[in-house]
Every structure is written in structure tokens, then in C-alpha cells.
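Hi,

Here is the structure I promised to pass on. Have a look at it first, and then read my notes below.

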Amino acid sequence: MNALMVKNDAFNMTELENVFFSIIRSAIGTDNAIVSLQLTAKQWIDIFQMSKKQGLSAVIFEEIIAHDNNMPFNLKMEWAFHSDHIKERHERQLAVTQDFADLLSDNGIKMMLLKGNGLALLYPRPELRECGDIDIYCFGDYDKVNQLIVNEGIGIDEEDSKHAHFFFKDVAVENHRMFNYELNAANKIVSRELMAHFDENPVTDERIPNVFFANLNINALYVMMHTLNHLPWSGIPVRNLVDWTLFLKENHERLDWNYLGNIWKESGLFNAVVILSEICKTQLGCKWFDLDAENIIKTNDYHYVMHYVMNPWVESSATKNKFRKVQRKIDQYYRHKKMHFIVYQEPFPDSLPETLFRYAFKIKKKMDY
């Protein structure tokens with residue numbers, strides 16, 4: 001039973017934001033399909049910019065043109081080109097993912113695909129989901145994969161404690177040593193679960209042979225942890241919430257909700273998970289979050305997170321005026337500080353000295369596993 005109790009009007013949506021979310025719900029099948037969109041020329045430009053900022057421009061464009069609309073011709077051509085680029089990039093990444101998985105398989109290495117391309121498979125049209133790097137985890141063969149890359153004559157960056165970075169056939173790949181940075185208690189608790197159970201009952205998909213995916217409970221922990229880790233810093237686009245909505249839509253009946261709830265409560269992340277899931281419910285039509293909230297969500301926290309999602313980036317360096325630049329950096333600091341507490345339920349940030357020290361001296365954190 002879902003006991004979430006934030007009213008739909010907790011965040012005062014603008015008219016255009018309401019249109020934006022109605023198109024998304026139509027595209028992912030959580031609401032009735034839109035029939036017609038008649039906007040002003042400025043509104044069309046604004047929704048195009050909003051769609052790009054939120055990582056959903058191809059999803060939204062393809063849904064719009066499937067219905068009656070009065071989009072200006074020049075914008076339609078520009079948006080179509082942008083959407084085609086996303087589709088072509090997806091197909092390219094999918095082909096490279098397959099080629100790399102085959103290379104690893106030929107060398108006795110199993111590859112688990114994380115995040116982007118794997119989540120894209122949940123979309124009604126996977127090719128419309130924007131993806132970045134190819135993120136992989138290779139069942140303890142981190143060093144073996146890196147050596148294989150070196151043997152192939154490919155340059156590799158191993159400075160980051162979490163993953164190595166290289167380009168395979170001109171596509172960026174991150175070979176993960178670990179799933180999360182472990183800079184606070186929440187990450188350590190979730191990482192403990194990920195490392196303990198990631199290789200139990202891995203999932204496959206016939207659309208990408210030789211590729212494995214984490215079992216559903218571990219995938220739920222990882223997808224949400226990755227989203228929450230980005231939220232206090234760069235913010236998250238609405239695309240991340242669409243990912244979560246579609247993940248729950250596909251898998252909610254097969255998830256161990258008691259297990260997930262206990263881990264999120266132990267890590268202190270439960271409130272943040274509930275807030276993001278409530279946003280998915282109120283804005284994206286998600287009906288599949290099956291954990292009771294112990295307390296009514298604070299309306300102010302819901303409103304703040306929703307505003308942060310819609311306005312995630314502060315352009316600190318977007319001015320030559322030093323006074324304005326300082327103002328923006330201070331604003332950025334307080335946004336991070338407040339969001340950090342909402343997510344982790346701890347002062348901001350308890351791990352900053354360790355983070356800066358390790359970064360300055362390029363020290364890799366020793367793993368216990």
C-alpha cells in the first residue's frame with residue numbers, strides 16, 4: 001500500500017511545465033495520449049530548450065510529431081535533426097557495446113552493463129533515450145579488462161578510484177572497479193549490498209547477447225543510488241525520473257520491497273527515495289512504488305527537490321562580474337548544502353576533507369573486497 005501524502009499542487013507548475021510532463025506521460029504510456037498541441041512560437045522554443053536540458057528531447061519530439069501540432073517548420077527541422085542525432089548515437093553505442101562484450105567474452109570475461117543503454121531497453125522506443133558513456137562492471141575482472149585494453153593499444157585513464165576510462169571504437173567506456181564512491185555512510189551501506197549480491201541471478205536480454213544485467217533488487221539499489229549521488233551536486237534531469245518510473249512499471253511485482261525498504265532506511269536514504277518516487281507519481285504517472293512512508297513527506301522538501309530537478313544547474317562562471325560570480329557560487333553552495341541534507345540526512349559534507357585530500361594527492365581508496 002502506498003501511503004505517500006503530498007498533494008499534486010505542492011509544486012506550482014507553470015503552464016509549459018504541465019505541457020512538458022503531459023507529453024512525457026503520453027510517450028511512456030502512463031496517461032492518455034495527447035491529441036493536439038497548439039502553442040505559441042515562443043512556447044515551442046521554450047519547450048524545446050526544456051526538453052534538451054532534461055535529457056528527453058528525442059522522446060518528446062517523436063511524441064509531438066505523432067499528433068496534431070502547430071510547431072513552426074524551422075524549429076521542427078532543427079528538433080528533428082537533434083532527435084535523429086540521438087537515435088544515431090544510440091545505435092552506434094549499442095553496436096559498440098555488443099562488439100566490446102563479444103571481445104570480452106572471447107577472452108573469458110563476463111560484462112555487466114550499467115545505467116544508460118540498459119535502462120534504455122525499458123523505453124517504448126529505446127533509441128530515443130539519450131545515453132552518455134558505456135558503463136560496465138566485469139565481475140571482479142577489473143584489472144584483466146584494463147590489461148586487455150592496453151594490449152589492444154588503447155590509451156586508458158586509471159586515476160579515478162571508482163572506474164577506469166577509455167575509448168573503444170571512439171565511444172567512451174567506464175570500467176567500474178566499484179559501483180559507488182564510498183565517501184559517506186549511505187554509500188558504504190548500499191555499496192556493501194551491491195558488492196555482496198551483484199552476481200546473484202544476473203539478467204540477460206536477447207537484444208544484447210553476451211551482456212549481463214544486475215538482478216532486479218540490486219539494479220533498483222544501484223539506479224536509485226546513482227541518481228541520489230548526483231542530486232546534491234550537478235542535479236538530475238527528469239530523464240532519471242523517467243528511468244525510475246519505467247523500471248518500476250516493468251519490475252515492481254518482482255522486487256523484494258521489504259529488502260529494499262530496509263536498506264534505504266538503514267542508509268538514511270529512505271526519505272529521499274520516497275520524495276523522488278512521489279515526484280514520479282505526481283508528475284509522471286508512476287503507480288508502482290510499493291513502500292509505505294513512515295511520515296508525511298514534508299511539503300517544503302518535496303517542493304524544493306522538484307524545483308531543483310527543474311532548475312538543476314547554477315552557471316557560476318556565466319558572468320565576468322566578480323561580485324555576481326561570488327553570489328552565484330554562494331547560491332550554489334547553499335543549494336548543495338540543503339540538498340545534501342535532504343538526501344543523506346547528515347551535515348554537508350562530512351567527507352569533504354577526505355575527498356579533497358584524495359583528489360589532491362591522487363590517492364586511490366583501498367577496497368575491503
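Leu 114 stands opposite Asp 135 in strand 4, and this comes from a predicted model. Strand 4 covers residues 134-137, and its partner here is strand 3 (residues 111-114), paired with strand 4 in the antiparallel sense over three bridges. Two strands count as paired if DSSP finds at least two bridges between them. Strands themselves are DSSP runs of E with at least two residues, helices are runs of H or I with at least four, and both are numbered from the N terminus. Another bridge partner to look for is Ile 136 in strand 4, which goes with Leu 113.

Which way do the side chains of strand 4 point? Ile 134 and Ile 136 go one way, Asp 135 and Tyr 137 go the other way, and all are buried. Buried means under 20% relative accessible area, exposed means over 50%, and partly exposed is in between (1.4 Å probe, protein chains only).

Strand 4 also runs parallel to strand 7 (residues 171-176), with four bridges joining them. There, Ile 134 stands opposite Val 173. Strand 7 in turn runs antiparallel to strand 6, with six bridges, and Ala 164 stands opposite Asn 175. The hairpin of strand 6 and strand 7 has two residues between the strands, and Lys 169 takes a positive phi near 50° in it.

Keep going and you reach strand 5 (residues 156-157), which runs antiparallel to strand 6 (residues 163-168) over two bridges. Ile 156 stands opposite Phe 166 in that pair, and the hairpin between strand 5 and strand 6 goes through five residues.

Put together, this is an open sheet of seven strands with mixed pairing and the order 5-6-7-4-3-9-8. Strand 5 and strand 8 (203-204) each have a single partner strand, so one side of each is left without a neighbour in the sheet.

Now for the helices. How many residues of helix 3 (residues 57-64) are buried? Eight of the eight are, so helix 3 is largely enclosed by the rest of the structure. Among them are Val 59, Ile 60 and Phe 61, but also Glu 62 and Glu 63. The buried residues of helix 3 pack against helix 1 (15-28), strand 1 (36-37), helix 2 (41-53), strand 2 (68-69) and helix 4 (73-106).

Leaving aside neighbours within four places in sequence, Trp 79 is in contact (heavy atoms within 4.5 Å) with residues including Trp 44, Phe 48, Ser 57, Ile 60, Phe 61 and Met 71. Trp 79 also belongs to the largest nonpolar core, which has 89 residues; Phe 20, Ile 24, Trp 264 and Leu 269 are listed with Trp 79 as having the most contacts inside this core. A nonpolar core is a set of buried Ala, Val, Leu, Ile, Met, Phe, Trp, Tyr and Cys residues joined through side-chain atoms within 4.5 Å. A second, separate core of 23 residues includes Phe 100, Ile 149, Phe 166 and Ile 208.

The side chains of His 336 and Tyr 308 are joined by a polar contact of 3.3 Å. For a polar contact, a pair of N or O atoms must lie within 3.5 Å; within protein, one must be able to donate a hydrogen and the other to accept it, and residues adjacent in sequence count only if both atoms are side-chain atoms. Beyond neighbours within four places in sequence, His 336 is also in contact with Pro 232, Trp 233 and Phe 348.

How far can you trust it? The mean pLDDT (the predictor's confidence in each residue, from 0 to 100) is 87, and 88% of the residues reach 70 or more. Over residues 1-10 the pLDDT is below 50, and over residues 362-369 the pLDDT is also below 50. Where pLDDT is low, the predicted coordinates should not be read in detail.

Two notes on reading all this. Residues are numbered from 1 along each chain as its sequence is written, and side-chain values use heavy atoms, with hydrogens and water left out. Local features need pLDDT of at least 70 and side-chain atom pairs count only at pLDDT 80 or more, while totals for chains, interfaces and linings use all residues.

Cheers
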